[in-house]
Structures are given as C-alpha cells and as structure tokens.
Amino acid sequence: MAESVPASLILDAYKEIFREARGGRPSEPLGWVLSVPDTHQKSVLAALDKERALRTLTCATEDEANAIAAGLWIGGEPCILMIQHAGLYASINTLRGVAIDGKVPIFYMIGLLQRERDKDPRDSRHSMVRWCEPLLDTFGVPHARLEGPDDVPLIAKYFKLSRERRGPAAVLVGLETM
Amino acid sequence: MKRGDDPKRAAEPVTAMKPEELLKLIAGARGDAICVPTMTTAPEWRDIAPDDLSISCVGFMGGASSLGLGLALANPKRRVVVFDGDGSLLMQLGSLATIAGAGPRNLTHLLFKNGVYHTSGAQNIPGGFDVDFVLMAKGAGYRTAYAIHEIDEFKRRLPSLFRDEGPLFVELHTGLADKTPMTARGGTPFPDQVDHLRKKLTG
C-alpha cells in the first residue's frame, strides 16, 4: 500500500542532488526548483518557500518550465521540475522537442493527483492517473514511482539518469506529500 | 486576402524597420551578450553571427523568452537578449509574468513585431498588428517596456538595450524578414547548439 512522503525528505534529497551535481562546490542558490503549482506536492512547495538554499521559480505553464530548465542547464545550473500529471499532458510536445529531440536533461517530479491508495496507477478510475505511465512509456521517458519514504533514493537515481541519457526522466509522486 | 489588404494591418507603420538591418546593428553592439533568436530572425542571425554565444530555437512554440530567462538566471553577469516574434510570444504569453516575477536584471526581451505568422505563410496573428505587447509587458511587471517604430530611434536607443536594468521589453515595429526557417533551412542542429553554448559558458 502506498504511503505519503514527508516534504522534508524530498527537500533533503534535492539538496543532496544539487550538491553532487555541483561537485561539492558551494553555491548560492544550491539549485533551482521550477514549479507549476501541484496540489499533490503542495507540502513540498510550502517547505520550499521557507528554504533559503534552493530557489523556487513559479512558472505560468509547464512549457515555460521546460524551456527555462534548458537555459539553466546550458548555463550550468542544476534544476528540478515539479508539475502535475495534467501539466505533463499539456506540455508533452515541449518535453519531446526540448528534452528528447533537443537532448537536454530534464528531471520531473510529477504528482498523480487522485491516485487511489489501494490501486495500481494503471488501474485508476481517473484517466489522468491511468494514462500517465503509458504516455511516458510511449515517449521513452524512464520513470519510477515514489510510493513511500523508502523510495526517496529514486529521486537522485532518476535525476542522474536524465543527465546520463541526456534527456527526460521522471519520478511519479503516488500520494499527496505531507 | 493579401497582407496589405487586411484592415487590421492599418496600424502598421508605413516605414516599418527591416529586421535584417536591426539584427546587423545589434550584432555590432552586443559585445559578449548571449542572443536567443527564434523563427524569422534565426536564418539571418546565423549568417550575421555564426559560431558565437547564440542559440536559435525554431519549433519551440513560443519558448524563446523562457529559454532566455533560464540563460539569464544561470548567467547573471552576462546580458541575455531574446529576439522574440509576436506570434511566438502569443503562444506562451504567460512567460511575460514569469519573467517579470523572476526579475532578471540582465534580460532584454526584443519583440520583432510584424503582425503575422510569417514562417507558416504570413497568416495574421490574432488581433493583427494592433496587439499592444508593451502594455502587456508593463502590466506583467517588466521594469521597462516601450516600442520603437523608426530606425533612427533604434540606433539612438541601441546602447541602452545592453545597459538598462531588466527585465526590459522593446517592441520593434518591423516589416517581414527576407528569409524564414522554411525558405532558408539548415543551420546547426539544436542539440549541437546546446553543447556548443554550454561549453562556452561553463568551460
């Protein structure tokens, strides 16, 4: 059964990812979080508001977030995108153009709003939840499920995978973070 | 309907500036600024400024301004200049608010306004030439926003485009470019441009 993940664990993972991406060099900010507000990850977004080491930029659309991420990466700045599944659907052409065809590594944390605790997302009653993984599969985007605190190391793993593959990679946030 | 017959085009200045002339002037004044051309400015810019600190985005569906924002945030000590189009900006109009919210002091957002989707056959953009992007940029919260209609004014203001604190928005009233990405294909593939620019910026 899926469990909620505390925001503090996710933020700690982000910081460690950014430290490693910078080779341990000190930096202000340590890294960037580009978000289009997501109900499912709102506790993380609230915690980010109080976080001084990370800079959060709220974007009007996921399309923008993808292009901003490309600019940051070209300039040597690490970043993570936090979006919801509806935003993935809305921006899939930009993901294709920038992260896949453009070979820009972009890592996504995608909230699965309305995912049922006791159901596999692929069996969800809600199409937004049910088609998310098949959509990522169609575009060849590697993805993992964040189904509880034990899965938090997957965030770093898939961030690194996006860099190694020079493309997109995603972690799907199964239940609302706390 | 031919371009000149459309009543919505009535607001277009009789002496619209030539985009090629503007780009040549920018190239001469930019110094080490990163430039982000999109759509009809891209073919001419790659001839004027090959192999430099530029990245062209064609097929980005309006993403040039956001790409420029990312570059500006990553390189706060270097000026970033976006050569946007009016049709392109309409595709990601929210980027005006996102840019204003981020407040990059080193970002200059130039809008080459011609009133049409030139690359796809010069269909009018919604609202045609009458759409007031300066008002939108001001409303979004850009530090400064204004329009330039004539080449002499552009020459006079040119140094300030690289000096004034951003985010700075300038609507340039232009005619149509001689080339589009459809009539002048080619150029360096985007992934190679990414590698090239990243190497230059990060060493």
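Two residues are taken to be in contact if their C-beta atoms, placed from the backbone, lie within 7 Å. The structure is a predicted model, in which local features need pLDDT of at least 70 and side-chain atom pairs count only at pLDDT 80 or more, while totals for chains, interfaces and linings use all residues. Residues are numbered from 1 along each chain as its sequence is written, and chains are lettered from A and ligands numbered from 1 in the order in which they are written.

The contact takes 23 residues from chain A and 27 residues from chain B. On the side of chain B that touches chain A, the elements giving two or more residues are α3, α5 (95-102) and α8 (190-202); helices (H or I, at least four residues) and strands (E, at least two) are DSSP runs, numbered from the N terminus. The most is given by α3(B), with 8 residues. This side of chain B divides into 14 nonpolar, 12 polar and 1 charged residues, where Ala, Val, Leu, Ile, Met, Phe, Trp, Tyr, Cys and Pro count as nonpolar, Asp, Glu, Lys and Arg as charged, and the others, Gly among them, as polar.

In chain B, 5 strands form an open sheet with parallel pairing, in the order β1-β2-β3-β7-β6; two strands pair if DSSP finds at least two bridges between them. Strands β1 (34-37) and β6 (144-148) of chain B each have a single partner strand and stand at the edges, so one side of each is left without a neighbour in the sheet. The parallel strands β6(B) and β7(B) (residues 168-173) are joined by 5 bridges, and B:L172 in β7(B) is the bridge partner of B:I148. Helix α3 (residues 64-74) of chain B packs on the sheet, where β1, β2 (80-85) and β3 (107-113) of chain B are touched, and the direction of this helix makes about 175° with that of β2(B). Axes are lines fitted to C-alpha atoms, for helices over the stretch in contact, and angles run from 0 to 180 degrees between N-to-C directions.
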